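Here is a short report on one model. Look at the chains first, then read on.

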Amino acid sequence: MEHSQLQGKLRKKILDINYPVGGGHLGCALSCIDIMISIVLHKAAGDTFILSKGHAGSAMYALLNETGEITDEVLKTFYKNATTLSAHPAALKYPSIPFATGSLGHGLPLAAGIAKANKLKANTATSYVLMSDGETNEGTSWEGAHFAVANKLDNLFVIIDKNGLQGFGNLTDVLGDTASAKVWEAMGFDVVEADGHDIPNILALKNELLNRKNGKPKLFIANTVKGKGIAYMENKLEWHYLSMNEAQYNEALKSIETTYGI
Amino acid sequence: MRKHFSTYIENIADKYDDIVFVTGDLGYNALETVAAKLGSRFINAGVAEQNMIGVAAGLASQGYRVICYSIAPFVVYRCLEQIRNDVCFHNLPVYIVGNGGGYHYGVLGSSHHALEDIATLSGLPNMHCYAPAFVEDMNTCLDDMIAAGRPAYMRLGIGKNLPGDMSLTSFGAATVPNSNARLTVIAQCPVINNALAALKDNPNKPYIDVFAVNKMPLVELPAAIADSIKTTKNILVIEEHIAIGGLASAVSLAVHERSMAVNKFTSLRAEGYPNGLYGNQAYHQQVCGLDEGNILKVINSYF
């Protein structure tokens with residue numbers, strides 16, 4: 001499947017599972033789904049991926065439905081009573097979701113621990129973690145970052161979904177740019193900053209970064225658009241939270257059709 | 001207990017090649033030989049306890065058993081969410097070892113005390129807390145913790161050796177069952193030694209059953225303790241920990257759930273800082289009535 005078709009298909013799936021149940025965090029799922037396609041669908045055997053921004057759980061579920069790990073029947077239970085698919089991923093339910101997340105600032109230390117385990121075992125697997133930009137406000141981001149640098153975890157691959165909007169304001173207004181390339185470079189990360197929606201480019205950059213065995217943990221700062229692909233949601237803070245009404249759902253579907261041709 | 005703990009880890013390092021030891025930058029003059037023994041499996045995670053627990057969970061998810069060491073308050077309160085979400089939710093073998101339970105660190109101040117650690121952790125899913133009283137039951141706790149491969153917390157203090165008239169049990173330690181007993185003393189952690197000192201040469205000693213309970217939560221009231229309470233109908237709980245969420249509330253719940261008849265129930269426990277003043281461990285124990293003199297007074301009040 002063409003990347004653009006898959007980007008459209010999974011966006012539609014995110015909307016389809018959220019609309020009937022009044023689910024939110026749509027802007028957050030739409031800003032990182034292209035990154036997740038690039039990482040989750042292209043990781044090697046033994047690699048691990050942690051969705052630290054657990055509020056994009058519906059994007060993970062759409063993706064795992066695409067791979068077959070979550071069946072259509074189970075996907076329909078999203079956000080409903082007696083589901084395994086809570087809005088924020090639960091523990092010990094799916095092999096591709098190694099850790100329950102939802103409280104920010106947990107994924108980087110966890111992924112650093114996995115990367116450290118891989119180093120101890122002389123295992124070549126990569127430990128991936130996807131964080132939100134607002135998440136870099138958390139102190140554990142800084143603790144985890146320094147740990148990764150001190151332990152020379154160049155098998156750790158961090159992605160920051162930098163859409164510039166956090167829970168109640170612009171990233172740069174709330175605490176300043178805690179997801180700044182300069183800051184993370186200064187800490188000792190090997191940093192690349194690029195478009196977080198351009199899948200071929202993400203794949204190329206990923207390989208380039210991972211091939212640099214320089215003892216530095218990797219950081220891909222993905223410049224993204226919150227609500228990407230749904231014109232009326234794009235760059236709107238309120239779509240961190242809101243759920244769609246019928247008219248908005250229909251308009252969103254049209255927007256996807258226009259942008260991605262499906 | 002700290003020295004004994006480090007020796008224990010050194011001794012099992014070869015047997016368990018999946019053990020990783022992580023410290024939150026503590027262990028000066030105590031863990032040097034552990035570090036030497038474990039080599040790359042010894043990690044100083046720095047003054048960053050939350051990250052330490054997250055890293056430990058990540059390591060544990062890849063098949064390691066991970067010991068996280070710091071002083072008790074730092075490794076319990078600072079990183080509670082990491083313990084709950086990262087370790088307990090996933091039932092991972094991360095063993096949190098906190099040195100200095102209760103008022104152990106004395107005049108270093110309240111930041112260094114752990115009076116609510118067991119209350120804080122023992123209710124978390126899959127968590128098993130160990131609170132040994134003596135060097136000997138610390139060994140059984142360590143054996144259990146290392147082998148079980150599930151989330152655990154161990155509270156260390158200054159432990160003495162098991163007294164000659166007590167034996168190790170599955171729940172801790174106990175005196176010989178006594179059908180003439182008139183008081184059941186249930187204690188946790190080394191503060192039990194104040195009770196044992198109070199009982200020394202006490203004429204009522206033959207009529208008192210003493211138990212040390214070293215595992216929390218108290219899922220089941222041990223049969224030996226239940227039998228003792230049935231005989232005595234009098235309970236004295238002693239702990240260097242708050243009563244809420246500690247041993248006193250656990251025993252109280254167990255007794256009520258079993259509809260056991262109790263004439264008198266006394267809880268001697270950590271009371272925080274009632275006079276707003278600070279001192280060494282013995283000072284705080286005295287302020288809270290956990291000292292030998294007050295324990296003797298309370299024991300005698302039962303006779």
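## Chain B overall

This is a predicted model. Chain B holds 12 helices and 13 strands. Its radius of gyration is 19 Å, close to the 19 Å that the globule rule gives for 303 residues, so chain B is as compact as a globular protein of that length. Along its principal axes, the C-alpha trace of chain B spans about 60 × 40 × 35 Å.

Of the 303 residues in chain B, 52% are buried. Take the contacts in chain B between residues at least 6 apart in sequence: 78% of them join residues at least 24 apart.

## Where the chains touch

Chain B gives 22 residues to the contact, and chain A gives 22 residues. On the chain B side, α3 and α5 (80–88) each supply at least two residues. The most come from α3(B), with 9 residues. By type, the residues on the chain B side are 8 nonpolar, 11 polar and 3 charged.

## Helix α6 of chain A

Helix α6 of chain A covers residues 139–150. At 1.5 Å a residue, its 12 residues should span 16 Å; the end C-alpha atoms are 17 Å apart, which agrees. Just after α6(A), A:K152 takes a positive phi of about 55°.

Which residues of α6(A) are buried? They are A:T140, A:S141, A:E143, A:G144, A:A145, A:F147, A:A148 and A:V149. These buried residues pack against α5 (107–120), β3 (156–162) and α8 (181–187) of chain A. They also pack against α3 (49–61) of chain B.

Definitions and conventions. Residues are numbered from 1 along each chain as its sequence is written. Chains are lettered from A and ligands numbered from 1 in the order in which they are written. This is a predicted model: local features need pLDDT of at least 70, side-chain atom pairs count only at pLDDT 80 or more; totals for chains, interfaces and linings use all residues. Helices (H or I, at least four residues) and strands (E, at least two) are DSSP runs, numbered from the N terminus. The expected span of a helix is 1.5 Å times one less than its number of residues. A residue is buried if 20 or more other C-beta atoms lie within 10 Å of its own, exposed if 12 or fewer, and partly exposed in between; C-beta atoms are placed from the backbone. Two residues are in contact if their C-beta atoms, placed from the backbone, lie within 7 Å. The radius of gyration is taken over C-alpha atoms; the globule rule is 2.2 Å times the number of residues to the power 0.38. Ala, Val, Leu, Ile, Met, Phe, Trp, Tyr, Cys and Pro count as nonpolar, Asp, Glu, Lys and Arg as charged, and the others, Gly among them, as polar.
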